[in-house]
Amino acid sequence: MTQRHSTRGASLIVLASLITIGICVYDYYTPETGLIGAGGVLLVAGAAVLMLLAALAMKFMPHRGRCVQLFLIVSILLDIIGSSVAGYFLESPVIMAAQALALLGWLINVIGDATARSIEEDEVEDHD
């Protein structure tokens, strides 16, 4: 059974993913950063690509099953946590800031979904 889920914060997550990918490419190829050729940068870039795909799925598929919604929410949160820690160890404040932006988008999405559910439940109770 598919339900309509919130897509409010997905745009922020997409933006944060694109920023992270851009910074990772810059860090990987720029000698001044000290991260040229670092495997950790590639790992964060790969995680950002996966987060981008998950956020696009959230944005363009508002009607999705509860299991798909749970998978997207949990995987994006784990990606945000892992990329934030990796950004800290790579000493990249821009990656950490982008992940903070992604966390804000994640919170907006989760809160928007919970708010929509409570409004639907209130409407059902009012008609009885």
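**Fold and packing**

Analyst: From the N terminus on, the elements of the protein follow the order β-α-α-β-α-α, where helices (H or I, at least four residues) and strands (E, at least two) are DSSP runs numbered from the N terminus. This is a predicted model, in which local features need pLDDT of at least 70, side-chain atom pairs count only at pLDDT 80 or more, and totals for chains, interfaces and linings use all residues. Residues are numbered from 1 along each chain as its sequence is written, and side-chain values use heavy atoms, with hydrogens and water left out.

User: What share of the 128 residues of the protein counts as buried?

Analyst: Buried means under 20% relative accessible area, exposed over 50%, and partly exposed in between (1.4 Å probe, protein chains only). Of the 128 residues, the buried share is 38%.

User: How are α2 and α3 oriented, roughly parallel or roughly antiparallel?

Analyst: Axes are lines fitted to C-alpha atoms, for helices over the stretch in contact, and angles run from 0 to 180 degrees between N-to-C directions. The two helices pack at an angle of about 150 degrees, with their axes 10 Å apart. Angles under 35 degrees count as roughly parallel, over 145 as roughly antiparallel, 65 to 115 as roughly perpendicular and the rest as oblique. Therefore α2 and α3 are roughly antiparallel.

User: How many residues of the contact of α2 with α3 are charged?

Analyst: The contact (heavy atoms within 4.5 Å) includes Met 51 and Ala 55 of α2 and Ile 76, Asp 79 and Ser 83 of α3. Ala, Val, Leu, Ile, Met, Phe, Trp, Tyr, Cys and Pro count as nonpolar, Asp, Glu, Lys and Arg as charged, and the others, Gly among them, as polar. By this division 14 are nonpolar and one is polar, and the number charged is one.

User: Is Ser 83 buried or exposed?

Analyst: Ser 83 is found in helix α3. Leaving aside neighbours within four places in sequence, Ser 83 is in contact with Val 44, Ala 47, Ile 95 and Gln 99. With a relative accessible area of 3%, Ser 83 is buried.
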